[in-house]
Amino acid sequence: MSYISPARERLVSLLQQAFENDPLFSYAFTKEHVGITAIRRYFNYVIRYCEKNGKIIVSPDGQGILAWIPGYHFPPKPKVQLLKTTPETILRLELHENTPETIIAANGNNYGYIWLLAISPDSQGKGVGGQLVNEALRQMAEFELGECWLSTENPKNKIFYQKHGFQLFTEEVSQAELTTYIFTKNLNDTRKANNTK
């Protein structure tokens with residue numbers, strides 16, 4: 001049995017709550033296959049992976065989290081053993097994730113990838129997500145990355161990312177028959193803003 005610190009447990013709970021009705025997680029982590037336990041293991045894996053290979057940004061009030069990795073650690077490939085879940089769940093994730101991962105890997109150049117952004121339902125619409133995205137972009141520019149990429153399956157997120165300067169690169173239907181929206185943003189303006197501070 002692996003130990004999860006209280007701080008990581010809070011982040012896993014926040015992610016679980018925020019992604020409860022997300023199209024990808026509803027598809028990949030069906031109750032018949034694995035349910036809540038596997039979702040929590042997946043989020044714990046993401047946090048650990050980003051702590052080791054990227055960055056985790058948590059809002060001051062603890063109600064928001066953003067996880068990002070540099071492109072040379074992309075795409076991450078969770079293993080069945082690490083998630084302690086069924087091969088079917090990994091297959092479901094891969095059936096979908098292969099589409100955005102292939103597109104981003106083929107088109108991204110010196111980039112950072114926002115893997116997860118989650119805000120607790122009570123804190124949505126209060127600017128927490130924008131603050132986390134801006135901090136991630138600042139960090140990526142500080143790491144001398146030229147671009148930021150991300151994908152989302154939730155059409156409601158499109159307006160948020162466009163509001164924060166992201167361009168919709170493409171909209172694709174994956175082998176899992178889920179639509180993925182792939183966004184990119186050039187970090188030159190962020191770098192210039194960092195240099196004037």
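Residue Q175 is located in the loop that links β5 and β6, where strands (E, at least two residues) and helices (H or I, at least four residues) are DSSP runs numbered from the N terminus. The model is predicted: local features require pLDDT of at least 70 and side-chain atom pairs count only at pLDDT 80 or more, whereas totals for chains, interfaces and linings use all residues. Residues are numbered from 1 along each chain as its sequence is written, and side-chain values rest on heavy atoms, with hydrogens and water left out.

With a relative accessible area of 58%, Q175 is exposed (exposed, over 50%; buried, under 20%; partly exposed, in between; 1.4 Å probe, protein chains only). Beyond its neighbours within four places in sequence, Q175 contacts L95 and T99 (contact, heavy atoms within 4.5 Å). T99 lies 76 residues from Q175 along the chain, and their C-alpha atoms are 7.5 Å apart.

E172 has T180 in β6 as its bridge partner.

Both strands belong to an open, six-stranded sheet of mixed pairing, ordered β1-β2-β3-β4-β6-β5. Its edges are formed by β1 (55–58) and β5 (167–173), each of which pairs on one side only. From one strand to the next, the twist averages 25°. Helix α1 (residues 6–18) lies across β1, β2 (64–70) and β3 (111–119), at about 80° to β3; axes are lines fitted to C-alpha atoms, for helices over the stretch in contact, and angles between N-to-C directions run from 0 to 180 degrees.

How values were computed:
Two strands pair if DSSP finds at least two bridges between them.
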